[in-house]
Structure formats: structure tokens, C-alpha cells
Amino acid sequence: MTAIITIADKFRNTFQRFSRFGTWFLEHQRRNLIAIFSLFILIAFSTTVMVNITPRPSNLPSTELNTPVSFGTLNKTASLTKSVFNKNNGFLELHYTISDGAVSDQDLVDISKIKFTAMTDHGGNQVTGRVVPTSNNTLVVQFKNLSHNFNAVTLKAHDKSINTATVEAPSSVVADSSSAKKTNASGKFIINRDKVSKSNTLTFASQKKLEVSESEAKIAAQQKLISKNTNAIVEYQKAIDQQQSSIKKYQKILAQSDDSDTQTSIDNARDAITQIRTQISDAQKNIQRAKTNISQYQKTKKQVQEGKSLLPKSTDL
């Protein structure tokens, strides 16, 4: 009985509090409605600000580094080799290598015929960009004033070289209307904010500095190539020593018995030595070619440092 009375008292107290709140709300209805309306306005404003300011991940798949992407109609490909972004100053730097599948020496590309177009997603209103040739087959695309929370940058590579196979000279109206048009490969690259490397020291470098840096990078790559081929020659020589040791062992066995299998093993070992010596010769040629390349890159670097670059000037996007 006491428990029932206690519950009834609690219910009565709650109802009285609710009634007093209702009375107070009605007495101050105008002020309370204004406060509620203001709260909704504040929430809506805060949500809008957060959506526009807070960085969000890109929903566009980013092009992977060192992945050849075809463009144009002349078998050229472009590979994004490096992407760096400095959110403090809005500088984005994209490095590309251009290859020409139609020629054996892919370093010989007319870089002046390679163009890029770009579009930014949430990049800001002050974005500017330019394309900077850095060697006969490399270039850098630079952006400045890019928003620190940009969503993505989309670039397309274009080859302005003329492909005569796509130029039509129809012999009749019928031939003209029935001929098929060849379309260009897209050459599309997507760089989203989530995938770029971050750097607090990246600056909007001059073409001269970028050219020198590219020459130094190519020299370092050739030096690495020389090192690998030198090490390979050492291993090849060890392999020859092993084969020669095997031949001596087989010759001792052959001196004690007339076994055709033993003679076959000796012949196989000698053939292996011949093949290995060919590999050594190839490695030596690789080293000599790399040394020649280093000499050329050093010459190019010196020319650039002296203000005698032969590359076309940078162009605005």
C-alpha cells in the first residue's frame, strides 16, 4: 500500500512539473519560439560551413603512379611518376614521363607537341597552372593557389603531332560518308587529394631548376644502372667459376670411365659458360651506354645552368 502511494506521489509531482513548464512556455511563447527558430538556423548554418570547410575523401579513383596511359593516335603513353602537394601554399607538382611506342629510342619525343588540359574539383577560384618541359621526354605540371582541401585534379594529355593515317582524302562522296573516324586515346589522369605525397617544403620552382633536377635524377638513375650491371658481372663471373669447377670434376670422372652422360654434362657446362659470357658482354654494353648517357645528361645540365636550354618554354594551362 505504501509503495502504491509513493508511485502515485511521484507521478503527481512529475505531472505538476510538466504543467508548470507548459504554463511557463505559454507565458513566454514568443521568446521561446524565437529561440527554437534561432537554434535551427544555427544548426543549418554550422552544417553548411562544415560541409564546405571540412576535407572529404575523393570519390574519384586516382591514377596509379608509373602506369602508362595511352593518348593521341601515335602510340604515345604518359606515366605519372611523382605527385607532391604542399597544403600550406597550395602548390601541386605532377611529374610525367612521355614514351613513344613507335620508335625504338623512347627518349626521342617531340615534347613541344605534348599538351595538357586540366580541371579541378573544389580547387578554389584562384587556381593557375602551367606545363614545364624538363627534358626530351619528361615534363612537370604545376598548380598554384590550389585549395588545401581540393577534392581532385583531372588532367588530359594531348598529342598535337599529325598522324597521316587519320587524315582522310576520300575519292568520292560515298567513300567520304562511309569512312570511319579514328578517335584519340583519352590520356586521362585523376589525382585526388588522398593519394598525393605531402611536402611542407615544395615551392613553385622555375623551369631552370626543374630541368637541372631532372638531369640530376637521370644521372642518378644511370649510376644505379651501372651499379646493378657491375654487380651482375661479378655474379656472372662466379657462375663461370662454378661451371669450370664442374667441368674439372666431370673430366676426372670421364678419365676413369667412358660415360656418355658425363661427356654430355661437360658439353652442357661449356654451353652455359658461353651463354654467361654473352650476358657479361651485354652487361658491359649496358654500362658503357649508361656512361654515355651520364655524359650527355651532365652536358645538358651544364647548358641549362648557363641559360642555354634547348627545350620549349613552359605554357599555361
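Start by selecting Lys 291, which sits in helix H5, residues 260-305. (Helices here are DSSP runs of H or I with at least four residues, strands are E runs of at least two, and both are numbered from the N terminus.) Before you go on, a word on what you're looking at: this is a predicted model, where local features need pLDDT of at least 70 and side-chain atom pairs count only at pLDDT 80 or more, while totals for chains, interfaces and linings use all residues. Residues are numbered from 1 along each chain as its sequence is written, and side-chain values use heavy atoms, with hydrogens and water left out.

Next, go for the largest nonpolar core, which has 26 residues. (Such a core is a set of buried Ala, Val, Leu, Ile, Met, Phe, Trp, Tyr and Cys residues joined through side-chain atoms within 4.5 Å.) Select Leu 94, Tyr 96, Phe 116, Leu 139, Val 141 and Leu 155, the residues with the most contacts inside this core. Strands that each supply at least two of its residues include S3 (91-100), S4 (114-121) and S7 (152-159). The largest share, 4 residues, comes from S3. Zoom in on Leu 155: beyond its neighbours within four places in sequence, its contacts (heavy atoms within 4.5 Å) include Phe 143, Gly 187 and Ile 191.

There's a second, separate core too, with 15 residues, among them Ile 219, Ile 266, Ile 276 and Ala 290.

Time for two asparagines. Most residues other than glycine have a negative phi. Asn 66, in the loop between helix H2 (29-53) and S1, has a positive phi near 55 degrees, and this residue is exposed at 53%. Asn 145, in the loop between S6 and S7, also has a positive phi, about 65 degrees, and is partly exposed at 40%.

Last stop: Ser 199, in the loop between strand S10 (197-198) and helix H4 (207-256). At 17% relative accessibility, Ser 199 counts as buried. Show its side chain: a polar atom there lies 3.2 Å from the backbone nitrogen of Leu 202.

Technical notes: Buried < 20%, exposed > 50% of the residue type's maximum accessible area, 1.4 Å probe, protein only. Polar contact = N/O pair within 3.5 Å; in protein donor to acceptor, adjacent residues only side chain to side chain.
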